[in-house]
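Look at the structure first, then read on.

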Amino acid sequence: MDAEQWNKEQARVDDVRSQLKARIARDEPLVSELKSQVVGIRSEFWDDVTVNLAESDDRIETAVSMKQQAEVLSERERSHRALRSGLQKMRRLLPAPYFGRIDLVEDGTDGTPEPVYVGVASFLADDGETFLVYDWRTPIASLYYDYGPGAVRYETPGGEITGEMTLKRQFSIREGRIRSMFDTGMTIGDELLQDVLSRTSSSQMQAIVGTIQQDQNAIIRNDRERLLIVQGAAGSGKTSAALQRVAYLLYKHRSRISAEQMVLFSPNPMFSSYISSVLPELGEENIKQTTFQDYLELRLGKRWRLEDAAEQLEAVLAGPEADEEIRLRAAAIRSKSSVRFLERIEAFASGLLRSGMRFKGFRLRGRVVIARGQLEERFYGMDASIRLPNRIELLKEWLLEELERLETEERDADWVREEIEYLDNEQYRKIHKSLSRQRRAGADEDESVLEERLLRAEVARRTFRPLRRLAESLAWVDAAGLYKDLFRGEHAADAEEERWSEIGSRTLSALEEGRLLHEDAAPLLYLTELVQGFRMNTAIRYVIVDEAQDFSAFQFHFLKRLFPMAKITALGDFNQAIFAHSTELAASAWLQRLYGPEQTKTIVLRRSYRSTRPIVEFTRSLLPDGSGIEPFDRPGELPVLVRAGGPEERDRLLAADLLELEASAATAAVICRTEAESRAAWERLRRMPGLEKLKLVTKDTVKFETGLLVIPAYLAKGVEFDAVLLYDASADAYGEERLRKLFYTACTRAMHVLRMYAPGEPSPFFADAAPGSYREANPARS
Ligand SMILES: Nc1ncnc2c1ncn2[C@@H]1O[C@H](COP(=O)(O)OP(=O)(O)OP(=O)(O)O)[C@@H](O)[C@H]1O
């Protein structure tokens, strides 16, 4: 880049910055002035309105006066909000007003190229028309991500615009100084990306707007189909794209959709904390984040001891695959997460229209007042065309009426007389108040008769209250009983799932003990909702599912029903499918069918940005179909397999490496297979000199912190570390084929350094790695 160009661009940066500073200086006092006005109006609201309610004229005057004040207040609040948000944007732009420039000659104009500067927010000149900076989410800015110099086109709300791009330039600006500047072709410069990717990790994910790649941009701006599936290699920017997508959608639909109308399903609370700063960094409010486990807890948690996904995984990893119990458990998880089971539950639910429904009767003081049989009789006495949830609703209405009738009837029962003795003072006071009211109203009953009548009514009402609540809650539909039926008698005999009868007896005994295994939670809830009717949330417009390969068929069906007005974005990587119930995303026929092919789009991301080229070359060669994964050309050291004579030696070598890495890496993570292994490793390592500060991450850790840490592989999903030290890469730990994806997931967390320690024979996965893609070290012997 010649000096003249550089100086010109620097002069423009200086100019934009001085306009920003002038505008900030102008608006700052205005914002504080408006704020004090708002606070003032709020506190004086009642002083300034004439409150006089005595005469009707006064009342009108009061209402008018209040309305006027309220209007002034909301107008000031609006202006304050708008000005404050403008100020925040300008402050964000000040250190680096933009990161890109394209020159565009629109078709039908005089041929003069129009420069378009792209930054994190728009900034207009004082004339209110000239864009000094365009927000990266404006339609014209999409050219920056989608094209290189040459013919271009983009969509605007007013139609398509075509033209020619004559220049594409990227900047790295810090504190107002241009640090680097490149003219580029199609892709957004490797140089800048190199620069961004070579940094060390942090406790929070970073925004990537300056270097979004074309395929990522397609994810960010897609707003057509109901379901967007993204299958992307480890580190290909799925989570990043998802978050910039949220920012884009909030901008695009800013007058219609707010952050509360979006929800992101993340794998665990620590991951939520890791990504929580991206949207604020982009000037947007955070959207609600939740986990599927939270939803299950909310719906089922009170009645059951609910196992979570981590506990399930730990159970499956607790012993060798050949272990009979483990094999059975894995088979159960697979079967219960399958589409076949889902369809079987649906068929079972339709069968309930004719027979097999289960209810729980209502008891009052140990006596059955509404028997199961009565409920069944009414249920099956209804017209055959009425759907299950409608029948339940009708039955509930009948139940409430019936309870009311019973309550009236019961008032005269002897037990009521006895219960009256136990009424507390408060109750008595209430009744006497009501008594005197009725007296005033002219009731001519004898005082004591009237009192007794009221007391009896009160006792009956109190006693029936829990029954009424029960009726409302639909807990009288015996959903667990119905679910158990799937594992008993004719239904179990019909099942095609492998080893169903053994799975059945395990399931039944867990349920009897009040334990709900993770794989049973979603199916049980699904069956319950098929019978009782689905609860819906119609306010949510966008649902983002990260680590979507960990969602089962049931969970996707839930999302569809739970959020009927939402578009769903499902991002995942089948190669990181560490749970037995995982979904193949792009290749999954049933997922494609969820909304139908017309409403489904799949985007595949192949390029991996997180790790250096040597790490990607090593990790992809562990996969049977890994050749499709493209490394980004960032140099680094070869992954190392450190052979140790035994666990003690491994600990010593690993501890020495940790201490050495501490100087260069913001975060070095010792990754273990399970929580139990992590805890044991942590106990051993932190006793070594210098490692007292080593942190242990568990599923209860809610905040992601940098430093030296020990973490189980499944919790490390989605996050990244400068250095990864695989605690045990021996055949003992990773000898089984089923652990390949867990091994891959652990290794792909590394950005710059990957070291794997084998205290015994190394895992057979090393034999599959591409020749020369890692080196061996045998430090103790060398
Ligand atoms: N276009 C980009 N520009 C700069 N950095 C990027 C870009 N795309 C991805 N990255 C970086 O690559 C790393 C991995 O991104 P991210 O976590 O979004 O990937 P992922 O596909 O969700 O990974 P995984 O499936 O392994 O969890 C992050 O550090 C992210 O900032």
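Predicted model: local features only at pLDDT ≥ 70, side-chain atom pairs only at ≥ 80, totals over all residues.

## The whole protein

The protein has 782 residues, and 38% of them are buried. Its secondary structure consists of 29 helices and 26 strands. The C-alpha trace spans about 105 × 85 × 55 Å along its principal axes.

Now take the contacts between residues at least 6 apart in sequence. Of these, 72% join residues at least 24 apart. Ala-63 and Ser-202 are 139 residues apart along the chain, and their C-alpha atoms are separated by 55 Å. Ala-63 belongs to helix H2 (residues 56-93). Ala-63 has 12 other C-beta atoms within 10 Å, so it is exposed.

## A parallel sheet

Find the open sheet of 7 strands. Their order is S22-S23-S21-S24-S25-S20-S26, and the pairing is parallel. Which strands stand at the edges? They are strand S22 (695-696) and strand S26 (775-777). Each has a single partner strand, so one side of each is left without a neighbour in the sheet.

Strands of a sheet pair through backbone hydrogen bonds, and the pairing can be parallel or antiparallel. Lys-695 stands opposite Leu-709 in S23.

## Strand S25

Is strand S25 (residues 750-758) enclosed or open to the outside? Of its 9 residues, 9 are buried, so S25 is largely enclosed by the rest of the structure.

Look at its partners. Strand S24 (residues 721-726) pairs with S25 in the parallel sense, over 5 bridges. Here Leu-726 has Met-756 in S25 as its bridge partner. Strand S20 (residues 640-643) also pairs with S25 in the parallel sense, over 4 bridges. Arg-643 stands opposite Ala-758 in S25.

## Helix H20

Helix H20 (residues 500-512) has 13 residues. From first C-alpha to last, H20 reaches 18 Å, close to the 18 Å expected at 1.5 Å a residue.

Which residues of H20 are buried? They are Trp-500, Ile-503 and Thr-507. Seen down the helix axis, the buried residues of H20 fall within an arc of 60°, so they line one face of the helix. The face turned away from this buried side carries the exposed residues Ser-501, Ser-509 and Glu-512. After H20 comes Gly-514, with a positive phi near 80°.

## Helix H11

The buried residues in H11 are Arg-329, Ala-332, Ile-333, Ser-335 and Lys-336. Seen down the axis of H11, they fall within an arc of 170°, so they line one face of the helix. What covers them? The cover includes helix H10 (309-317), helix H12 (339-351), H20 and helix H21 (518-532).

## Two loop residues with positive phi

Glu-175 has a positive phi, near 45°, and is a residue other than glycine. Glu-175 lies in the loop between strand S6 (159-174) and strand S7 (177-183). Is Glu-175 buried or exposed? It has 9 C-beta neighbours inside 10 Å, so it counts as exposed.

Leu-474 is a residue other than glycine too, and its positive phi is near 65°. Leu-474 sits in the loop between helix H17 (447-473) and helix H18 (479-485). With 18 other C-beta atoms within 10 Å, Leu-474 is partly exposed.

Conventions: Residues numbered from 1 in each chain as written. Expected span 1.5 Å × (residues − 1). Buried ≥ 20, exposed ≤ 12 C-beta atoms within 10 Å, placed from the backbone. Arc of directions from axis to C-beta. Contact = placed C-beta atoms within 7 Å. Pairing = 2+ DSSP bridges.
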